Amino acid sequence: MHVQRDPGFDIPAASEITPRAVYEQRRELLRLLAAGGAGAALAGWAQRSAHAQPAPARPNRLAALPSTRSGVAGAVTMEKPTAYDDITTYNNFYEFGTGKDDPSRLAGSLKTRPWTVSVEGEVGKPRVWGIEELLKLAPMEERIYRLRCVEGWSMVIPWQGWSLAELIRRAEPTSRAKFVEFHTLADKAQMPGVNSRVLLWPYVEGLRIDEAMHPLTLLAFGLYGEVLPNQNGAPVRLVVPWKYGFKSAKSLVKIRLVEKQPATAWNVSAPQEYGFYSNVNPKVDHPRWSQASERRIGEDGLFQRKRPTAMFNGYEAQVGPLYAGMDLKKFY
Ligand SMILES: Nc1nc2c(c(=O)[nH]1)N[C@H]1C(S)=C(S)[C@@H](COP(=O)(O)O)O[C@H]1N2
Ligand SMILES: [Mo]
């Protein structure tokens, strides 16, 4: 028999499969049902399960962003989500500096209202969307994705968002639209890192159109049931779970459909290190870092073993067909 399993993780302990909050919600539901009034109990249950992964209570909570679990194949990993504190204090967001704690210390200066995202280029219906319009464009889904950084670490992040395809479809791409370019904000007044020359600003990323239209490609507005903290790319960012983290551009302002493969910020800065595709691939090493295994943030005890990295970050069943027949050593 062929046993299907998520290749991205070793079988987790039972305590990892059911996060405590979800387990306790279930217990509460059973208790309410036993006490009678099943209708009211179920209504309350449905509402609460809109936050399957609640953010921890703390003084400065961000606005709630309710969502329901995604039905997209592969969108919810069974792996234990990384702690909210780790996800929001260990960041790469070079517009605020290159240190891991720079974004959480300095991104408070980012103004996320008003905010617009322009969808343009090879489309029949170009349009500038206000952030409030985007928040209502499609039902918010909870997706729990692995994120693998090319530097050799990974996290599991519960996002709120919807498939980027929803937005692209509404723009009506022309037959010449072969790639999608993502431009992020580069404002020296709000972003101290933009004064440095580490990268060519603005930060630009790109996908092939079929990658951009894949249901797993996410436009994210929140994490842990709240709007995105600035350091994670507020108010809206891309998340492409089968590619290295740098493809998931933060604080998007422009989405441009184009005919030719775009030049991307990382590919321009170091072409031997960062290819256009940048699919997670344990068999193709980065010149400075092995990609065969990874360190899970929050698990870094002295004796913590490294986890093996899975092909396409564990999303091979869903996205493998996009690359049928391609030499992934050449198209890295
Ligand atoms: N605009 C912008 N987006 C960015 C980056 C950046 O420096 N600027 N860093 C990327 C990298 S290298 C990673 S690993 C992820 C990290 O996302 P996180 O901080 O939400 O975990 O964001 C990506 N998106
Ligand atoms: Mo990264």
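Which residue in strand 3 does Thr 116 stand opposite? Thr 116 stands opposite Gly 130, in a predicted model for which local features need pLDDT of at least 70 and side-chain atom pairs count only at pLDDT 80 or more, whereas totals for chains, interfaces and linings use all residues. Residues are numbered from 1 along each chain as its sequence is written, chains are lettered from A and ligands numbered from 1 in the order in which they are written, and side-chain values use heavy atoms, with hydrogens and water left out.

**Confidence**

- The protein has a mean pLDDT of 89, and 85% of its residues reach 70 or more, pLDDT being the predictor's confidence in each residue, from 0 to 100.
- Residues 3-21 have pLDDT below 50, and this stretch has 24 contacts in the model beyond near neighbours in sequence, a contact meaning heavy atoms within 4.5 Å.
- Residues 44-48 also have pLDDT below 50, with six contacts in the model beyond near neighbours in sequence.

**The sheet and the helix across it**

- Five strands form an open sheet with mixed pairing, in the order 3-2-11-6-7; helices (H or I, at least four residues) and strands (E, at least two) are DSSP runs numbered from the N terminus, and two strands pair if DSSP finds at least two bridges between them.
- Strand 3 (127-130) and strand 7 (204-208) are the edge strands, each pairing on one side only, and the twist from one strand to the next averages 15°.
- Strand 6 (residues 179-184) runs antiparallel to strand 7 and is joined to it by five bridges, with Glu 181 standing opposite Gly 206 of strand 7.
- Helix 7 (residues 164-171) lies across strand 2 (116-121), strand 3, strand 6 and strand 11 (252-258), and runs at about 60° to strand 11; axes here are lines fitted to C-alpha atoms, for helices over the stretch in contact, and angles run from 0 to 180 degrees between N-to-C directions.

**The hairpin of strands 2 and 3**

- Strand 2 and strand 3 form a hairpin with five residues between them, and four bridges join these antiparallel strands.
- Gly 130, which lies in strand 3, is in contact with Trp 115 and Thr 116 when its neighbours within four places in sequence are left aside.
- The C-alpha atoms of Gly 130 and Val 117 are separated by 6.6 Å, although these residues are 13 apart along the chain.

**Backbone features in loops**

- The peptide bond joining Arg 113 and Pro 114 is cis, with omega about -15°, and Pro 114 is placed in the loop between helix 5 (102-106) and strand 2.
- A cis peptide bond also joins Trp 201 and Pro 202, with omega about -5°, and Pro 202 lies in the loop between strand 6 and strand 7.
- Phe 312, a residue other than glycine, has a positive phi near 50°, and is found in the loop between strand 13 (307-308) and helix 10 (316-319).

**Surroundings of ligand 1**

- Asn 91, Tyr 94, Glu 95, Arg 237 and Lys 250 come nearest among the 16 residues around ligand 1, where a residue is near a molecule or strand if one of its heavy atoms lies within 4 Å of it.
- Asn 91 has a polar side-chain atom 2.8 Å from an oxygen atom of ligand 1, and a polar backbone atom of Tyr 94 is 2.7 Å from an oxygen atom of the ligand.
- In the side chain of Arg 237, an N or O atom is 2.7 Å from an oxygen atom of ligand 1.
- Ligand 1 has 540 Å² of accessible area on its own, of which the protein covers 98%; accessible areas come from the Shrake-Rupley method with a 1.4 Å probe, and for residues only the protein chains shown count as cover.

Definitions and conventions: A polar contact is a pair of N or O atoms within 3.5 Å; within protein, one must be able to donate a hydrogen and the other to accept it, and residues adjacent in sequence count only if both atoms are side-chain atoms.
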